[in-house]
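Visitor: Please take me through the features of a model like this one, giving the general idea of each before turning to the case at hand.

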Amino acid sequence: MLPPELQSRFSRPYISSSISALSFSFTNNPSSDDPDPNPNSNHSSKSSYPSFPTSSSSRSLKHSRFSPSSFAHNARLAIALVPCAAFLFDLGGTPVVATLTLGLMISYIIDSLNFKSGAFFGVWFSLIAAQIAFFFSASLYYTLNSVPLSILAAFLCAETNFLIGAWASLQFKWIQIENPSIVLALERLLFACVPFAASTIYTWATVSAVGMNNASYYLMAFNCVFYWVFAIPRVSSFKTKQEVKHHGGEVPDGNLILGPLESCLHTLNLLFFPLLFHIASHYSVMFSSAASISDLLLLFFIPFLFQLYASTRGALWWVTKNPLQLRSIQLVNGAIALIVVVVCLEIRVVFRSFGRYIQVPPPLNYLLVTTTMLGGAAGAGFYALGMVSDAFSSLAFTCLAVVVSAAGAIVVGFPILFIPLPSVAGFYLARFFTKKSLPSYFAFFVLGSLMVMWFVMHNFWDLNIWLAGMSLKSFCKLIVADVVLAIAIPGLALLPSKFHFLTEVSLISHALLLCHIENRFFSYSSIYYYGLDDDVMYPSYMVILTTMIGFALVRRLSVDHRIGPKAVWILTCLYSSKLSMLFLTSKSVVWVSATLLLAISPPLLLYRDKSRTASKMKAWQGYAHAAVVALSVWFCRETIFEALQWLHGRPPSDGLLLGFCILLAGLACVPIVALHFSHVMSAKRCILLVVATGLLFILMQPPIPLSWTYRSEMIRAARQSADDISIYGFIASKPTWPSWLLILAILLTLAAATSVIPIKYIVELRAFYAIAMGIALGVYISAEFFLQAAVLHVLIIVTMVCGSVFVVFTHFPSASSTKLLPWVFALLVALFPVTYLLEGQVRIKSFLAENEFGGTGEEERNLATLLAVEGARTSLLGLYAAIFMLIALEIKFELASLIREKTLDRAPVRHNQSGQSNSGGFPPRMRFMQQRRASSMSSFTIKRMAAEGAWMPAVGNVATVMCFAICLILNVNLTGGSNQTIFFLAPVLLLLNQDSDFVAGFGDKQRYFPVTVAISVYLVITSLYSIWEDVWHGNAGWGMEIGGPGWFFAVKNLALLILTFPSHILFNRFVWAYSKTTDSMPLLTLPLNLPSIVISDLVKIRVLGLLGIIYSVAQYVISRQQYISGLKYI
């Protein structure tokens, strides 16, 4: 429950648009902790009652107990909920991902329009829709094969989805300001419920991956992790820390997120849920053996020990706050739990798995093992609780260490003569912990290393076994070296700062050895012993565990300033590279990944201190890092090849491989540019071109000559496979060399758009660029789509050159281009019918020449010829439609730019009282535009455009009409005249321009008239044609079936068609003139459309009737709104 002082709200604050946006942050807002900057402010407002901000004052917000700020616990919730969301995505599949993506995109658009409540509800509706899609696509029943389990799993997934929505709701700051009690309740709800759902989902995912054998222990481990993350007392992110000052520096209970009830539930879940889960899944064998009983005890007492350790961080604050009572609880319960855990581990793990290494006969072995384990655990517990503080406790701790060391040495078979050696090692280790003496630790290091060497040589040195592709002796050497380095690192880390390089070298050497050992285990899966083979499984969780431990160790040493940033960089890359072996089976994947990470990560890890000037790269450093990245990617080409082969199931082509290499190099250089050269536009343009080149190579996969590529032995062996030929035979592939031309054209376009090629300032370069673009596109289209019609290649190339020249010189005009461009457009229009007609003649002649002596029949030949001609002509129509569309768009854009510039030039200049022009009245961006236009105005001015460029509206209108007409023809040829297509084609007419030559009186006010008229006329004409076609062919619908005459069908549908005319005529007149009509006219014509919808036999007439109703309603609403606006103006 919420504190009583937060239940009521005295005032509703004004929501400012600047603070109501989505805000994701993993750090708390420091502004809430700052003192009041105004010394004259009234400090009497600091009380236990809430004081919420108003629009006139924001100071009271700082003095209230509730403090709207960025949610400070995003990192904790991300650790729990993001993997859960990924697992649910995997269960739901594509429908869930597509639904959520679409919904979040809509929410983002709504949020960008500053409609914050709409974005909030959009997020929730997206999650609800994704959950509904999950229920229909996840098939939980078939996966779990149990109705109760399926219901519980569905409830768990829905709960997790709800928690994700609650987490997203906390990112809206306007909710924090308007509804503080809801925000506090959501925060408490998340911390109370997330540990239950997250630990269950994590266990579900782990069991799905590795099996059900140890599921109870997985659940226990995840419960401990999330208990530590969420159940340890945390201060609310929305409570001010100034309240601490009023309680003597102690955080009051009301400022904590969780209350006593939630903390008690977390404790019960930690202690009993893994045990109950184990009983439910192993109830038939839970008392079958001592190991099974030990599992029951371990599943309760290990979390109990963890709970007692967490109590040192305040986890049992809800039980008692008396330090003496808490210490007694820790000691008594900890001692009992420790004894039980040690005994159970001996039964379950030590004697069961490592019994062969115990060299002492029973019953002495039980006594010595218990002494070793229980004494070591007790000593570690006493030291962790801080009980080794005086001389007596130090003496007891030292004696315990000596006894434990001697007992452990006897257990593993250490010679009795050398028993003082481990005892001395234990003595020096205890002295190091009690006296913090470095010489004592190094004495322990020497003695401990000797003991490790003896143990390895005594047990494994003489075995003739090949393990992971090497002899066991070699493997023992690596293990000993790695363990010795691990023992030495704690002592080296405590040396003075001038010796920290020793710590860094030891850590890097240890990481290299660990990577090598684990890579050998994953690269070789067999063990050889006297000719017998047996699989060796190095579990994948061990790779993940050692990686996480390595990251934690690096972070801790970095925070304590024991290692430098370069060592952090190298160690992070090495530990991260180990994870790659979980996905790829290549023997060199670890080292290749490490090389690539070392090349990519310096901008992120070595230059992070933004407060220093040295943290930014210099130009030569940027070039050097980019070169290293390129070389590293080329070095990794074999691994990239294997990854692509694994992804596609076949060896990738040279173009695809090169494209991925280029794309990876470009993306790897993005941090360099984004973090250190964000002010250099040329660097951004180069990155864009490199990434675009890689994407084009991936999509087009152009052929690459053998001399351009270096084929390794592995790639050559993967390509030389006879199975493909024997199964699929020789397949004639289509020539792919034209893809180079398309890649060239697109890269030239990007280079010109980013000003890498300065076509804007050099006319000759502009002309060369336009001609090169036209030739490249023309040759590509001719070779890709019109390969057999060689005569048409020249016409198609000329067409593309004309289109390219027209578009380029319309966008960047020159002094003489305004006189030549109309003739270029006229040539383009003239080439259209010539190419269209010539295509049919050439295709017919070539086909007849090829089949002159063939055995096919005349009808089959004619049919094939007609199909080939129609297909080629359809392609030509599509090509010219695209060209005319591009020309119409370019002219529309240029005319709009000219009108905007003319409006800015004619804008009146404001004057101040002294009579001088006030240039400061212009906004800064407007002044910059004025200065830029005045300094870079070319000879092609607005006046010259008015004199010599008057052809642009007419040319744009011709291009628009031709594009629309060609699209209608394509609609008839491809879809048979679909009704829905006109609604997508009619908006093309929005590109029409104001033109006094062809259409008088047409202006910006009438821009929607062509669209509505085209839709109405198209539907009317197609309806008349459908009536004629049905009557002519005798398909007159139900009227003919009941015996009525054929003309009855025609007359009925014609009458219904005519009834739709009034609404369409009135609306089109209204769209043309926007003249006010009486309110009754649209409403009077509306009922005339109802018979067309109900009685008509044709879908087109029904669509016309429905449009008539929509037109009438829209006209009435718009007229009414205009009338009301006029009244407001008056």
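Visitor: Does Glu-518 count as buried or exposed?

Guide: Burial is read from relative accessible area: buried means under 20%, exposed over 50% and partly exposed in between, with a 1.4 Å probe and protein chains only. Glu-518 has 0% relative accessibility, so it counts as buried. Bear in mind that this is a predicted model, in which local features need pLDDT of at least 70 and side-chain atom pairs count only at pLDDT 80 or more, whereas totals for chains, interfaces and linings use all residues. Residues are numbered from 1 along each chain as its sequence is written, and side-chain values use heavy atoms, with hydrogens and water left out.

Visitor: With which residue does Glu-518 form a salt bridge?

Guide: A salt bridge here is a side-chain nitrogen of Lys or Arg within 4 Å of a carboxyl oxygen of Asp or Glu. The partner of Glu-518 is Lys-578, and their closest N and O atoms are 2.9 Å apart. Glu-518 belongs to helix H18 (residues 500-523), while Lys-578 lies in the loop between helix H20 (565-577) and helix H21 (589-600), so the pair ties together parts that are 60 residues apart in sequence. Helices (H or I, at least four residues) and strands (E, at least two) are DSSP runs, numbered from the N terminus. Lys-578, also at 0% relative accessibility, counts as buried.

Visitor: How many salt bridges does the structure hold?

Guide: The structure holds 3 of them. In one, the side chains of Arg-348 and Asp-295 meet with an N to O distance of 2.6 Å. This pair links distant parts of the chain, since Arg-348 sits in helix H12 and Asp-295 in helix H11 (residues 290-310), 53 residues apart. Asp-295 is buried, its relative accessible area being 8%. In another, Arg-556 is paired with Asp-560, and the closest N and O atoms are 3.3 Å apart; here Arg-556 is exposed at 54% relative accessibility, and Asp-560 is partly exposed at 33%.

Visitor: Which residues does Ala-337 touch, leaving out those up to four places away in sequence?

Guide: Contact means heavy atoms within 4.5 Å. With those sequence neighbours left out, Ala-337 touches Phe-301, Phe-304 and Leu-305. Ala-337 itself is placed in helix H12 (residues 323-353), and it is buried, with a relative accessible area of 0%. Ala-337 and Leu-297 are 40 residues apart in sequence, and their C-alpha atoms are 9.4 Å apart in space.

Visitor: Which residues have the most contacts inside the largest nonpolar core?

Guide: A nonpolar core is a set of buried Ala, Val, Leu, Ile, Met, Phe, Trp, Tyr and Cys residues joined through side-chain atoms within 4.5 Å. The largest has 77 residues, and those with the most contacts inside it are Phe-806, Phe-884, Ile-887, Ile-966 and Ile-1015. Beyond its neighbours within four places in sequence, Ile-887 is in contact with Phe-806, Val-807, Phe-825, Leu-828 and Ala-959. Apart from this core lies another, of 54 residues, which includes Ala-80, Phe-134, Trp-204 and Phe-230.

Visitor: How many of the residues of H32 are buried?

Guide: In helix H32, 16 of the 20 residues are buried, so the helix is largely enclosed by the rest of the structure. H32 (residues 792-811) reaches 29 Å from its first C-alpha to its last, close to the expected 28 Å, the expected span being 1.5 Å times one less than the number of residues.

Visitor: Which residues form the nonpolar patch on the surface?

Guide: Such a patch joins nonpolar side chains (Val, Leu, Ile, Met, Phe, Trp, Tyr) within 5 Å, taken from residues with over 30% relative accessible area and no salt bridge. Phe-121, Phe-125, Ile-128, Ile-132, Phe-135 and Phe-136 form this one, with about 700 Å² of accessible area together. Phe-136, found in helix H4 (residues 116-137), counts as exposed at 75% relative accessibility.

Visitor: Where is Lys-436 found, and what is its phi?

Guide: Most residues other than glycine have a negative phi. Lys-436, although not a glycine, has a positive phi of about 55 degrees; this residue is found in the loop between helix H15 (420-435) and helix H16 (438-460), and it counts as exposed at 56% relative accessibility. Gln-701 likewise has a positive phi, near 50 degrees, and is placed in the loop between helix H27 (681-700) and helix H28 (713-719).

How values were computed
Patches are made of residues with over 30% relative accessible area and no salt bridge: like charges are joined within 9 Å, nonpolar side chains (Val, Leu, Ile, Met, Phe, Trp, Tyr) within 5 Å. Accessible areas come from the Shrake-Rupley method with a 1.4 Å probe; for residues, only the protein chains shown count as cover.
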